[in-house]
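The following report examines one protein chain. Please look at the sequence and the structure before reading on.

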Amino acid sequence: MPNPWTGKGNPYTKQEVRDRLQITVDKKEAIIAAGAGTGISAKFIEKGGADLIIVYNSGRFRMAGHGSTAGMMAYGDANAVAMEIGEYEVLPVVEEIPVICGVHGTDPRRRMWHWLLKVKDMGFSGVNNFPTHSIIDGHFRNVLEETGMSFQKEVEMVRLATKMDMFSVVYVAKPEEAVQMADVGADAIIAHVGTTVGGSIGVEGATCSMDDALERTQVIIDAVKKSNPDTFFLAHGGPINTPEDVRIVMDKTDVHGFVGASSLERMGVEQSLTDLTRRFKALTYNK
């Protein structure tokens, strides 16, 4: 149903967001979810026809000229930053498409049920688990798991969001993580294959090949299909950067679409501002 106060737009119920995405899939169109770290990004991403907007704390760093991985570091309160971007920049300018809030589910300082009620009350239509410990590995990941800041806390956050009738689109890096999320009601699974390549602050050496990305994505999809075939599947990260890259992934895996953050708002700003400035600077006197 439409927003009871305005007659349109956010917040949407879990089923309403699912229905919107299903219409896109039924038309054999790609689902495109886009990260927005500023209001102007969100406004024109919506004009471009995206299906979802996701507000991450990393968007603030990304649009300040820093790598998105800064959002994983202790450079601020991830939950508060995402809420602030949503409240003051994104939600006021988005007219109609669902807006999703990035939630740091492992934050030990918050009663997660209480925080999610605030997220819902603000008018977000769903949640995303970012920052996510799923993309951390090695010794540090083991320390996080053993000291109470585990991926399971992110799963619990999604379980609570499901009970609150909020849509959830979640990052995972492994098939077992994907199954855990699907089992507690995650609506869309994002196969995260690493930090995005390209641009001024994308990775170069710290990435996987396209073949590896395709394999890892399909393994995640196959694992979830066994338990919840109604899940939406999205690709993200690593070598998957351009529309042409996404075309390859859609042709060679069972994904329904793509989540772009750096790939959309950062890449769009970097090249367009560079080119536009050069055009201005190319002007000469004719008198």
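## The barrel

In which sense do strand β4 and strand β5 pair, and over how many bridges? Strand β4 (residues 126-128) and strand β5 (residues 167-172) pair in the parallel sense, and two bridges join them. Two strands count as paired if DSSP finds at least two bridges between them. Helices (H or I, at least four residues) and strands (E, at least two) are DSSP runs, numbered from the N terminus.

This pair belongs to a closed barrel of eight strands, in the order β1-β2-β3-β4-β5-β6-β7-β8, with parallel pairing. On average, neighbouring strands of this sheet are turned by 25 degrees against each other, direction ignored.

## Basis and confidence of the model

The model is predicted: local features need pLDDT of at least 70 and side-chain atom pairs count only at pLDDT 80 or more, while totals for chains, interfaces and linings use all residues. Residues are numbered from 1 along each chain as its sequence is written, and side-chain values use heavy atoms, with hydrogens and water left out.

The predictor's confidence in each residue, pLDDT, runs from 0 to 100. Its mean over the chain is 92, and 95% of the residues reach 70 or more. Over residues 199-203, however, pLDDT stays under 50.

## Helices

Helix α9 (residues 210-225) lies across β5, β6 (188-192) and β7 (232-236), and runs at about 150 degrees to β6. Axes are lines fitted to C-alpha atoms, for helices over the stretch in contact (heavy atoms within 4.5 Å). Angles run from 0 to 180 degrees between N-to-C directions.

The axes of helix α5 (residues 112-122) and helix α7 (residues 151-163) come within 10 Å and cross at roughly 50 degrees. α5 is therefore oblique to α7; angles under 35 degrees count as roughly parallel, over 145 as roughly antiparallel, 65 to 115 as roughly perpendicular and the rest as oblique. In this contact, M112, W113 and L116 of α5 meet M157, L160 and A161 of α7. The contact residues comprise six nonpolar, no polar and no charged. Here Ala, Val, Leu, Ile, Met, Phe, Trp, Tyr, Cys and Pro count as nonpolar, Asp, Glu, Lys and Arg as charged, and the others, Gly among them, as polar.

## Backbone details

The peptide bond from N10 to P11 is cis, with omega near 0 degrees, and P11 is found in the segment before α1 (14-26). A cis peptide bond also joins F130 and P131; P131 is placed in the loop between β4 and α6 (138-146).
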